[in-house]
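Please look through the structure below, chain by chain.

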Amino acid sequence: MRSARAIIIRVGERLLSSLPALLGVLVVTFVLMRVLPGDPAVFFASGPNAGQAEIDNLRQRMGLDQPLFVQLMHYLRDVGTGNLGNSLTTGQPVLTDLRQRLPASLELTFTAFTLAVIIAIPLGIAAAMRPNSLIDHGVRFVCTLGVCVPTFVSGLILIFVFYYILGVAPDPTGRLDIFVSAPPSVTSFMLVDFLIAGDLEGWMAAAKQLILPSATMALFVIAPLARITRASMLGVLSSDFVRTARAVGLSSVKINIVYALRNAMLPVLTIAGIMFSTMLGANVLVEKVFSWPGVGSYALDALLSSDYAPVQGFVLLMACIFVIINLVIDVLYGIADPRISVA
Amino acid sequence: MTGALLSIEDLHVSFATRRNTVDALRGVTLAVNPGETLGVVGESGSGKSVTALAAMHLLDRAGRVSSGRIVFQGEDITHLSASALRAVRGSRMSMIFQNPRAALNPIRTVGLQIADAIRAHRRVSQAAATERALDLLRLVLIRDPETRLNAYPHELSGGMCQRVIIAMAIACEPDLLIADEPTTGLDVSTQKAIMDLIAGIAAERAMGVIFITHDLGLAAKYCGRVVVMKDGRVVEQAAPNKLFNAPRDPYTQRLVAASPTKVSRIEDLVVEEGVATLSRGPVFEQAAARRSAVVPLPVGERVRVRGLRRLWSDGRTSIRAAQAGERYNTIGASAPHPNPLPNGERERAEFGAISARPTYGSSPLLRVTGLTKRFGASTAVDGVSFAINAGESVGLVGESGSGKSTISRIVCRLLDQTEGEIRFDGTAIDAEPARTFNRSALRKDIQIVFQDAHDSLNPRFSAFDCIAHPLRKLMGIRGRAVLTERVFDCARRVGLPLELLDRFPHQLSGGQKARVGIARGIATGPRLLVLDEPTAALDVSVQAVILQLLVRLRQEENLSYLFVSHDLNVVRMLCDRTIVLRNGRIVEQGRSSDLFANPADPYTRDLLAAIPEFNPTAAVEAKVAEPAIALGAKRQPRARQVPSPGGEG
Amino acid sequence: MSVITLKHVRWVVASNPLTLVAASGAIIIALIGVLAPWITPQDPLATDVANAMQPPTTAHWFGTDQLGRDIFSRVVAATRIDLAIALSAVSLSFVLGAVIGGVCGYVGGRLDRVVGRVVDVLMAFPLFVLAMAMVAALGNRVENVILATAFINLPFYIRFARAEVNVRRDSGWVEAARAGGENDLSIILFFLLPNILPAMAVQVSLNLGWAILNAAGLSFIGLGVQAPTAEWGIMVAEGARFITSGKWWLVAFPGAALMLSVLFFNLLGDALRDILDPRMRT
């Protein structure tokens, strides 16, 4: 194990080195949103027959008459002070909107991710332990199929089966049935808040709403996760050091858990980070299918009504989450693999 | 064999591949007695490792014992349950492997790994196990064991990793240790240290050892009895003295002859049998190729090289002639090669290689002065100066990290030096950066043959294309007929059967690939050929043939060699002069005969001392008497058969 | 110059019949894409409100949608546009990625480190969000969907080509080519790239499925291809509104088409990999 100090230094280093990436995202979103599409002033003007004076006025107010670099500086300053602009559709500051909606997305993603990990990793390990067995073929089949089903289709299939045919799932809209009252908000995570409030019935209701969308999302990443786990475990099991462990007579539990599994988890960790990131993206699709009030559907609605500030805010938010995730993965990797600190 | 520690009786092992099953062992019978060290030698594919893995039940999933028995301490362990097996492995019978770095868990400290091995069989606390691990580290002579206990494998050298593995293997005092090429890939000095360690521990504990190696010298030095394996069978077994001095089996004879020793000469390396085939080399090699080729093409299958088809049918007769000659055309045979020397001269040329004609006095072909190469902060080559005369063969020897490969690449203008001057035939070639040297007129005069024959052939080029490439590019030969003729010519000169020219690298054997690489190297008629360990990846019997080919080519083509190798015996045989490198500096250089007889520098002496004695008794005598004669006399069967290797023509 | 013999291909096919299924499936889908305008039984855009929302019948094999359009014809017609988008996006990123990755892998040094870092960052970023933002910014048009899909594929190709070139850069045969008088450019173009091409082809096949999913996902959320054009993503999006009332066929058939095409291209990729190197299989 590395010392705590080393970990802190590492975190600091990684934070610093991710700053350029974050800055890059900022600049790119700025350029994409400000420069490429048509004149936003024309768009934001009251109507198609707005006069030139009104447009010019708007342009000045929005700072669009300034040189591009100055605009960028203003933008950076705004972002730095937490001013992401206002959403035209909701009329609220984007930051407020995002803050309200982020917990819904995070709750969904975390649930789905946990679900995926606890299903995929044991499956991958089981398949690797018995290559060419029934379970191995089964896992490989599921993996092959799993990557082919787009989230928006699998979500709809789940709705059809569990809501329409079986009738066990609630109406697939939103985080909570309209007849259930929301718990007092403490963490903004429904499941946690209901637990805090001690409202088990409410908890069940929220869980029921959550299960289909998170299953949809989990389905999407189970296949790649199981696949990499299997491949990695297979590789490690046939490695020289596992053979050494066998040759000196270690117990199979020790070989499989301490020697093989811990090593096999290293690549899985990397992929898990990428998968989490992919799920963040897939949020957009799943939230649309299940009318989930998260940041994805928020950004999507804004995008389709050409309301760019929320989209920018959303992309930035994703970038920040992405930096944090990478940091976490990196630190975990550093703890798990002693070779890293050398590099 | 009742008292045997481990006896293997008529063991058959087969591997299921996706295509079919391959028999790896076809009836192996051997036994090792308590406290005895049994050597198992053989070339790649002989089944020596499979035997060991089968005994340990460590075959991978595809492998299966189809018949035979494995009896350990009187108990039949051929079909042992997993739990019973676990009680045997490590505590009564243990195994160490080659490539020690990979054989340790990379993310667990070595102390914990040794403790794991102890606690697998002993009910002791973690603290006690760690204490014992420390003792074991001391026992395997690891410096500073307290700190090493908490080290990860990547923080240790290869030799130290192997010591740790030995510590793990002997942690529970097994009665039998199987060592599968434990020193392959390690430097000679490390090799000696590790082998001495194993031998010492074995002697101290009266532990039986099965020592698997391809190196006859090691087997001779450390084993009480040696088993020779070939094609999954035991062909001969005896005490090393008897086995290596008077091998009975023809294969053992070839193997023994082909293994370079301190006193052997190039011409001794290939055993001739009977009169019909003077040289067994190519025939032997082709047989190996037939066995190992992944997708064997029947000889004479349609030629897929562009435009070759027509020429093939046109040139049928010449090809057939070449094929007829093929069997004879390693060294010593009077194979039809393009520029046969007059009879009297050939006599001298054939084997007088070593002392033939260094032309001192005249300006050297290559002069390297103050050569330095730095990679970042580390200095790989540090102020090296040497010269090679026209027609001379110079050996560059050293352990890994000595900078020998770096020098070879700089001389060959594939890498830029940091400092220093390189003059080729009076021209300063150091001025031309490696990037643009491809345009130099001298490019065709300095060519190189690479270490790994497989790795040095473009997988998408046929053998023909490989050889044709420098001809096209550097000689500007475009005409198909001319090109084909030149490629055929090169192939003939290196003894590559013409029908192999349309094969791709993966369809050729190791020796054939080496020949293609050499043919490419000589295609442009270079004056200096850099040979970067050209035989390091080959089995000894193939190496022997290739070495002879190199000697012959140097005579015929009037080449100068810069021969890079870690194998001192090979360098001694092949090179007029030898340069010994250490950490990027020259520690000693001089005429090979002098340097090897009387090494001046202690490092050279250590290196020479570390080479495993191939034949202890003979070598001792050899030091007193004239070397070559002494051994020649010992190896009478062969020596009598072939009085004068060059005489047949 | 091919290293692969027909015999080997035949053997791979024989040992894994799925290969043949995958190959024929992929070919059939490609054919449908090419021939779509001629094989649709009805006009994919013709509405017939009287016959709206019909479940599958003999007249309408896949049923009709909310405007009475024949879903079978629409699924067939959509094959063309979906494949076209995916193919053009993948070819674009393949060519760019091979060149950029090849050069970086060969040259190494600082350029390689910078590109490598950028690629790593890009790959870990939520790519769908990136594509969404790009289409939003560049304008909601089909060619921008192609560009965006190509862009998010690019890091994979760069990384792949870079790694493949890198392991070969110092191999003996590349040094031999240099000793044989080749310069850096010709080594990259005529020696390294042809050698990594087979492996890249596998990657293309595997990525094709992914590109299809991406393009369909974008149109599902309303970017790129616009209604009433027949496109799988749009069809699923339109059918989604009726799933809660049990009208499964609106979603099921375009969804299945999407799934099958991705499946076949993935299987084809696996099969190609088997043919190229049986040992690469995991």
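**A walk through the model**

Glu238(C) has a relative accessible area of 14% and is therefore buried, where buried means under 20%, exposed over 50% and partly exposed in between, with a 1.4 Å probe and protein chains only. The model is predicted, so local features need pLDDT of at least 70 and side-chain atom pairs count only at pLDDT 80 or more, while totals for chains, interfaces and linings use all residues. Residues are numbered from 1 along each chain as its sequence is written, chains are lettered from A and ligands numbered from 1 in the order in which they are written, and side-chain values use heavy atoms, with hydrogens and water left out.

The partner of Glu238(C) is Arg69(C): their side chains form a salt bridge with an N to O distance of 3.3 Å. A salt bridge here is a side-chain nitrogen of Lys or Arg within 4 Å of a carboxyl oxygen of Asp or Glu. Arg69(C) is in the loop between H2 and helix H3 (71–107) of chain C, and Glu238(C) is in helix H9 (residues 232–243) of chain C, so this pair ties together parts that are 169 residues apart in sequence. Helices (H or I, at least four residues) and strands (E, at least two) are DSSP runs, numbered from the N terminus. Arg69(C) is buried as well, with a relative accessible area of 2%. In chain A, salt bridges that share partners join Asp136(A), Arg140(A) and Arg230(A) into one network.

How many salt bridges are there over all chains? The count comes to 41. Two of them are in chain B, and they can be taken in turn. Arg493(B) and Asp489(B) have their closest N and O atoms 3.5 Å apart. These two residues are four apart in helix H17 (residues 480–493) of chain B, so about one helical turn separates them. Arg493(B) is buried at a relative accessible area of 10%, and Asp489(B) is buried at 19%. The other bridge links Arg138(B) with Glu146(B), with 3.1 Å between the closest N and O atoms. Here Arg138(B) is partly exposed at 38% relative accessibility, and Glu146(B) is partly exposed at 43%.

Aromatic rings come next. A pair of aromatic rings is described by the distance of the centres and the angle of the planes. Rings of Phe, Tyr and Trp (its six-membered ring) pair if their centres lie within 6.5 Å; planes under 30 degrees apart count as stacked, over 60 as edge-to-face and the rest as tilted. By this rule there are eleven aromatic pairs over all chains. One of them is stacked: Phe152(A) and Phe220(C), at 4.4 Å centre to centre and with 15 degrees between the planes. This pair crosses between chains, from helix H7 (residues 151–165) of chain A, which holds Phe152(A), to helix H8 (residues 184–220) of chain C, which holds Phe220(C). Both Phe152(A) and Phe220(C) are buried.

In chain C, the ring centres of Trp248(C) and Phe253(C) are 5.7 Å apart and the planes are at 45 degrees, so this pair is tilted. Trp248(C) is partly exposed, with a relative accessible area of 34%, whereas Phe253(C) counts as buried at 18%. Both belong to one aromatic cluster, formed by Phe62(C), Phe72(C), Trp248(C), Trp249(C) and Phe253(C).

Phe220(C) has a further contact with chain A: Lys288(A) lies over the face of the ring, 5.6 Å from its centre. A charge sits over a ring if NZ of Lys or CZ of Arg is within 6 Å of the ring centre and within 35 degrees of the ring normal.

Chain B also has a sheet. Four strands form an open sheet in the order E2-E1-E4-E5 with antiparallel pairing, and two strands pair if DSSP finds at least two bridges between them. Strand E2 (21–32) and strand E5 (75–76) of chain B are the edge strands, each pairing on one side only. Eight bridges join strand E1 (residues 6–16) to strand E4 (residues 63–72) of chain B. Phe15(B) has Gly63(B) in E4(B) as its bridge partner.

The last stop is helix H4 (residues 109–124) of chain C, where Asp120(C) lies. Asp120(C) is partly exposed, at a relative accessible area of 36%. Asp120(C) and Phe156(C) are 36 residues apart in sequence, and their C-alpha atoms are 9.3 Å apart in space.
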